[in-house]
Amino acid sequence: MFGCLLEGNSWAKNAGALFVTVAKIHYDLNGKPNKHAWHDVGLATGNLLLQATDLGLHVHLMGGFDVSKAHEALGIPDGYEAVSMGAIGYVGDPDSLPENLKARELAKRSRKPLEEMAFKGQWPQNDSGNQV
Ligand SMILES: Cc1cc2nc3c(=O)[nH]c(=O)nc-3n(C[C@H](O)[C@H](O)[C@H](O)COP(=O)(O)O)c2cc1C
């Protein structure tokens with residue numbers, strides 16, 4: 001699984017476990033595309049994160065992986081799509097990281113203000129905010 005990660009995620013080699021989240025992209029019921037599949041995976045992953053945190057573990061999610069490689073390595077069948085990868089374990093010592101990753105790990109965390117991602121009524125018509 002480690003071989004599926006992109007180079008910037010080399011830090012994950014010491015994680016207790018790596019996992020891949022997978023979406024089932026059609027409904028069982030009628031075989032139609034399930035456009036909410038990724039939402040469901042995100043929600044399930046969020047819950048995994050909360051449970052792990054409650055158990056004193058740390059989860060770091062990653063979009064930086066080779067999706068086709070993951071499909072091949074794990075034998076993920078048609079109708080399923082790898083969404084993200086995660087590393088789960090105990091937080092390590094930043095001093096064990098190469099300089100660039102150490103700087104990223106120790107950088108000040110910032111969060112977008114709520115008004116950039118939530119609004120009342122209509123979607124704001126000006127260009128500010130709501131940008132990823
Ligand atoms: C779509 C997406 C993809 C991400 N991909 C990676 C990744 O490949 N490698 C990585 O180290 N962090 C990645 N991150 C960032 C981490 O998951 C995490 O959000 C970030 O380290 C912030 O952590 P913090 O909550 O401790 O501040 C990604 C975040 C998002 C939203």
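**Close-up 1. The largest nonpolar core.** Of the 15 residues in the largest nonpolar core, the ones touching the most other members are L5, W11, A12, M62 and M85. A nonpolar core here is a set of buried Ala, Val, Leu, Ile, Met, Phe, Trp, Tyr and Cys residues joined through side-chain atoms within 4.5 Å. Buried means under 20% relative accessible area, exposed over 50%, and partly exposed in between (1.4 Å probe, protein chains only). Strands β1 (17-24) and β3 (80-89) each supply at least two residues of this core, and β3 gives the largest share, 3 residues. Strands (E, at least two residues) are DSSP runs, numbered from the N terminus.

A note on the model shown in these views: it is predicted, so local features need pLDDT of at least 70 and side-chain atom pairs count only at pLDDT 80 or more, while totals for chains, interfaces and linings use all residues. Residues are numbered from 1 along each chain as its sequence is written, and side-chain values use heavy atoms, with hydrogens and water left out.

**Close-up 2. The surroundings of M85.** Take a look around M85: leaving aside neighbours within four places in sequence, M85 is in contact (heavy atoms within 4.5 Å) with M1, C4, L5, F19, V20, H60, L61, M62 and F65. One of these, V20, has M85 as its bridge partner in β3.

**Close-up 3. Strand pairing along β3.** Two strands pair if DSSP finds at least two bridges between them. β1 and β3 run antiparallel and are joined by 8 bridges. Strand β2 (residues 58-62) also pairs with β3 in the antiparallel sense, over 5 bridges. Within this pairing you can find H58 opposite G89 of β3.

**Close-up 4. The salt bridges.** The structure holds 2 salt bridges, each defined as a side-chain nitrogen of Lys or Arg within 4 Å of a carboxyl oxygen of Asp or Glu. D28 forms one with K24, and their closest N and O atoms are 2.3 Å apart. D28 is exposed, at 70% relative accessibility, whereas K24 is partly exposed, at 32%. In the salt bridge of K102 and D95, the N to O distance is 2.8 Å; D95 is exposed, with a relative accessible area of 56%.

Close-up 5. F119 is partly exposed at 33% relative accessibility, and W123 is exposed at 54%.

Conventions:
Helices (H or I, at least four residues) and strands (E, at least two) are DSSP runs, numbered from the N terminus.
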